[in-house]
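I opened my notebook today to look through one protein model, a step at a time. Come along and check each entry against the picture.

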Amino acid sequence: MPHPKLDCFLESLPSDEYLLKRDVPMSALTSFRTGGPAAYCLSPKTPDAFCRAIAFLTEEKIPYLLLGHGTNVLAPDEGYDSVLLLTGELKETAANGEQITLGAGVLMNSAATFAKDHALSGLEFAYGIPGSVGGALAMNAGAYEHEIGELPITVLACDRNGSLRTLTTEECRFGYRESIFQGEGLVALSCTLTLTPDDKDAIRARMDDYLARRKKSQPLEYPSAGSFFRRPTGYYAGKLIQDAGMKGARVGGAQISEKHAGFLINYDRATSADIRALGKKVQDEVQKQFGVTLQREVKYLGEEYD
Ligand SMILES: Cc1cc2nc3c(=O)[nH]c(=O)nc-3n(C[C@H](O)[C@H](O)[C@H](O)COP(=O)(O)OP(=O)(O)OC[C@H]3O[C@@H](n4cnc5c(N)ncnc54)[C@H](O)[C@@H]3O)c2cc1C
C-alpha cells in the first residue's frame, strides 16, 4: 500500500468518469506480454478527469506511471505497487473539414481508418503501427519515410500539476522517435491533425500496401515491441545485429527474430529480465564487432522519464 490517502481517493472516483482495476498483470497490458501485476490501473474517461487524477497524485506525492497501448515498453517482472495511468478510455474521434481530432487512447489503425473514411490523407503510414495516438505523439511514431510529427498538429496535454496546455507542432519538439512528451511529465490527451483531401480508394491502397510490407518483413506472429533499438546514424540496427551473427540468438525465452534482426521477440514464455539481458548482449556484441553504440527505442517502464 503506497499511500494512506490513495485507496480513499480511488474509492471516491465516480465510475462514469474513471475505470479502476486492481492487481492487473502488466503482461496483459503490453505487447511483449511480460511484466508483473500493477496494483492500480486507473483509466480516466475524459481529459478533465485525467487532469484531476494527476493533480491529486502530484499533490500527495504518489508515484504513477503512464501507459498507452503498451507496444513500446518493457514492464518490470516484479510489478508496480502504485498507480498505472492508462489513456485507453480517451477515445474521442471527430472530423471537421480537413481536420480530425483524436483522443490519446485511439489506436493508430483506427486513426488511419477514420482519416480514410473522411477522404483525408496523411495517416496512411500509421496503418499497422499497433500503438495509441498518445504513444505515437510521445514516440513521434513513424514508418515508410513519414512520422506523426511532420503533420500540422495541435495537442491538448496535461502537465504534472494537472493543468491543461495546448501545444503547436513546433512546441511538441518532435525529433527522431522523440518529443516533448518524453521527460517533462506532459501527458498528451488528444490532438487535432490537419490532413489533405484525397480519394478514399487511393488512400486505402496506400494503407494496404504499407500493411502488406509490414507483414512480409516483421515477425508479427510473436509478441514484441517492434524495433528494439533506435536507428544509429549511418546504419540500420537490424543489419548490424544480423552481420554480428546474432539472428536467432536467445536468452531464456527471448530471441532475436530470425525474420527481422531488429526485433527482439518473446519466443517462449520470456520474462522481461530475459529480454533485457538479450538486449544488453546485442549492444555489447555490436559495440565489440563494429564500434557502434546501439541505443534502445523501447522504454523500460518506470526507469526513464516517467
Ligand atoms: C509489431 C510492432 C510494430 C511496430 N512498428 C512501429 C513502426 O513502424 N514505427 C514506430 O514508430 N513504432 C513502431 N512500433 C512501436 C510502437 O507501436 C510505437 O512506438 C507506438 O507509438 C507506441 O504507442 P503506445 O500507445 O503503445 O505507447 P506505450 O508503449 O504505451 O508508451 C510508450 C511511451 O510513451 C509514453 N506515452 C504513452 N502514451 C502517452 C501519452 N498520451 N502522453 C505522453 N506519453 C505517453 C509512455 O509512458 C511510454 O514511455 C511497433 C511495435 C510493434 C509491437
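Here are my entries, starting with the ground rules and then going from domains to helices.

**Ground rules.** I noted that residues are numbered from 1 along each chain as its sequence is written. The model is predicted, so I kept in mind that local features need pLDDT of at least 70, side-chain atom pairs count only at pLDDT 80 or more, and totals for chains, interfaces and linings use all residues.

**Domains.** I looked up how the chain is divided, and found domain 1 (4–86), domain 2 (93–205) and domain 3 (219–300); such bounds come from an automatic or database domain assignment. The C-alpha centres of domain 1 and domain 2 are 23 Å apart. To their contact, domain 1 gives 13 residues and domain 2 gives 17 residues, where two residues are in contact if their C-beta atoms, placed from the backbone, lie within 7 Å.

On the domain 1 side, I saw that helix H2 (residues 47–59) contributes the most, with 7 residues. Helices (H or I, at least four residues) and strands (E, at least two) are DSSP runs, numbered from the N terminus.

**Helix H5.** Next I followed H5 (residues 200–217), whose 18 residues reach 26 Å from first C-alpha to last, close to the 26 Å expected at 1.5 Å a residue. The expected span is 1.5 Å times one less than the number of residues.

Which residues of H5 are buried? I found Ile203, Met207 and Tyr210. They sit on the same side of H5, because they cover an arc of only 65° around the axis; the arc is that of the directions from the helix axis to the C-beta atoms. Asp201, Ala205, Ala212, Lys215 and Lys216 are exposed on the other side of H5. Buried means 20 or more other C-beta atoms within 10 Å of the residue's own, exposed means 12 or fewer, and partly exposed is in between, with C-beta atoms placed from the backbone.

The buried residues of H5 pack against helix H3 (108–117), strand S8 (120–121) and strand S9 (142–143).

Just after H3, Ala119 has a positive phi of about 55°.
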